[in-house]
Amino acid sequence: MENAIEARALTKHYGDVIAVDGVRLNVPKGEFFGLLGPNGAGKTTTIRILTGLTKPTSGTAKIHGLDCVRDSLAVKQRIGVVSEVSNLYNEMSAWDNLMFIGELYGVDKPTRIDRANRLLEAFQLFERRKERLGHYSKGMKRRVRIAAALLHRPEVLFLDEPTSGLDVQSSRLIRSLVREFNREGVTVFLTTHYIEEADQLCDQVAIIRDGKIVAEGSPEKLKSSLEREPIIEIVFDRDAPDLERQLLGEPSVKEIRKEAHRYQIRTTDSSTAITDVARFASSSGLQILSINTKQPSLEDVFLKHTGLDAVQVERMELLRTRRAGGQRG
Amino acid sequence: MVNVGDILSGRLARPVLDFLTKGACIAKKDAKVYYFKPQIFGFGILIPAFVYLAFSLGREIPPGLLVPGLVSMVSLFGASSVEAISIAMEKQTETYELLQTAPVSTAGIVFGKSLAGSAFGIVLSLCTALGAVLLSQSQMASPIMFVTGIVLGSFAFSSLGILVAAAARDMPTANISLTALRLPMIFIGGVFIPVGTLAPGLRLIAYLTPLTYMVDALREAMAGPSVALAVDLAVLAGWFVILEALAVVVLNRRTQL
């Protein structure tokens with residue numbers, strides 16, 4: 001299948017700091033692709049190079065065979081970009097913003113009116129289209145921003161953290177509509193720190209760490225790569241502080257983590273580990289409320305390759321957003 | 001490489017038309033978004049009005065000096081303020097990134113912005129000129145050349161505003177830097193004092209600023225067409241091209257990180 005996005009040995013230096021380090025990407029046409037990584041891993045720099053906002057220090061990036069540096073205007077005509085900040089004009093209405101973007105992309109007036117009507121209907125904003133964007137909520141602004149990115153019918157849509165910090169309703173609507181546009185043939189390149197979101201939406205994902213791609217493949221393939229290490233999840237009737245001390249020495253137990261009231265045991269042999277847990281519960285006078293073997297999630301894959309779990313990533317994103325201050329909306 | 005064959009065969013017509021229509025589209029948007037910002041009223045209208053009143057009240061200024069000086073100063077402040085504020089705000093709110101991801105070159109963005117800034121300066125200057133000419137009952141030998149001077153000067157000043165804001169880190173820095181450039185310009189550029197009466201060193205600096213050529217062009221246009229007028233207009237056009245090119249380079253350096 002022909003690639004919509006191709007990157008070869010893509011590298012970007014900021015002084016001594018290497019933000020992107022020899023990244024290689026192949027995203028086939030029509031695919032929903034996710035780039036995952038913790039804050040500062042190189043996601044945004046990669047997306048900035050692919051969208052022509054930043055020139056790479058070395059390496060090449062192509063969109064539909066067009067070089068992102070040499071043919072940047074032709075590339076920009078074929079892509080839609082939604083940055084993490086809803087960067088439209090708060091002084092203008094949603095309608096005027098869409099008309100401006102349409103004109104800037106060379107969409108003729110009758111077509112842009114027709115498409116703007118449809119997109120605003122789909123994003124449930126039609127009734128409030130004449131209101132200034134400054135009066136919109138964060139979720140509504142993000143919906144207008146995505147609508148604006150789709151107005152010229154791009155072949156590739158870049159979404160940088162599209163649901164970050166949004167309410168559940170807006171996030172759900174955005175996910176479902178983006179999925180629908182993808183089904184209609186738009187290639188989607190998503191960066192997100194919501195690992196579950198990537199798991200739900202993406203056909204392929206890549207995990208980036210310190211500017212390097214450390215894992216890639218379909219979420220199922222990546223998860224199955226961890227299947228040799230099953231996880232048992234147990235809930236006792238009360239806290240079990242001795243669990244780690246008593247079981248970590250057992251050959252079947254590799255790692256024990258506590259998450260809220262649940263204990264997760266990474267094991268080499270689940271049936272032996274279950275027997276060990278049952279023996280521990282009986283000797284400690286604990287009652288097992290539930291026990292099940294847990295299939296590895298994309299978060300586990302992420303954890304393995306980055307050393308960070310979803311909560312830590314979320315906390316990092318929150319700190320970063322706070323630091324960015326009031327500009328975001 | 002652009003060659004005559006391309007121009008004659010019309011192969012360049014489409015990109016040129018594209019450049020102009022996208023520039024006009026950005027200019028329309030800037031007019032909607034920025035013309036009515038309070039900062040524009042403050043930096044573009046109030047400051048020049050106060051400066052002019054402070055230096056002209058109680059002094060006998062002949063109409064031949066008053067009209068060109070006042071109109072040039074209004075053009076300088078009006079045209080440069082709109083785009084200095086627009087570029088600084090767009091960088092701050094990241095809407096500049098929206099323009100960068102669209103299929104329009106940095107030169108196209110700068111051209112669109114200079115159209116919006118110069119249009120503001122032209123309208124403001126024309127209104128000022130009309131009022132000043134009527135009140136002072138001045139003679140206007142060549143109104144077309146006078147308007148041409150206003151147009152070219154406003155384009156040059158608009159590009160100056162873009163260049164300063166492109167180099168500045170944020171809006172306060174852009175406004176302070178621009179004011180620090182504009183105030184000395186009006187004192188040595190022939191607005192209040194004829195350039196010929198300045199000390200040789202200051203006169204040399206005066207000839208390095210675009211305002212001097214606009215004041216002189218308007219003065220010459222009021223007196224009648226001359227070689228000096230043609231030179232002034234050519235220099236203003238040159239300033240526009242140079243400032244526009246510098247603005248493109250600086251914006252690219254500052255934003256394509």
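This passage describes two helix pairs, one in chain A and one in chain B, in a predicted model.

In chain A, helix α3 spans residues 94-104 and helix α5 spans residues 138-150. The axes of these two helices come within 9 Å and cross at roughly 25°. Angles under 35 degrees count as roughly parallel, and α3(A) and α5(A) are therefore roughly parallel to each other. Their crossing is right-handed. On the α3(A) side, the contact is formed by A:A94, A:N97, A:L98 and A:I101. These residues meet A:V144, A:A147 and A:A148 of α5(A). By class, the residues of this contact comprise six nonpolar and one polar, with no charged residue.

In chain B, helix α4 (residues 63-93) packs with helix α10 (residues 210-223). The angle between the two is about 140°, and their axes lie 9 Å apart. This angle makes α4(B) oblique to α10(B). The crossing of α4(B) and α10(B) is right-handed. From α4(B), the residues in contact are B:G64, B:V67, B:P68, B:G69, B:V71, B:S72, B:S75 and B:L76. Their partners in α10(B) are B:L211, B:M214, B:V215, B:L218, B:R219 and B:M222. The contact of α4(B) with α10(B) contains nine nonpolar, four polar and one charged residues.

Conventions: Residues numbered from 1 in each chain as written. Chains lettered and ligands numbered in written order. Predicted model: local features only at pLDDT ≥ 70, side-chain atom pairs only at ≥ 80, totals over all residues. Axes fitted to C-alpha atoms, helices over the stretch in contact; angles between N-to-C directions. Helix = DSSP H or I, 4+ residues; strand = E, 2+ residues; numbered from the N terminus. Parallel < 35°, antiparallel > 145°, perpendicular 65-115°, else oblique. Left-handed = near helix turned anticlockwise from the far one by under 90°. Contact = placed C-beta atoms within 7 Å. Nonpolar A, V, L, I, M, F, W, Y, C, P; charged D, E, K, R; others polar.
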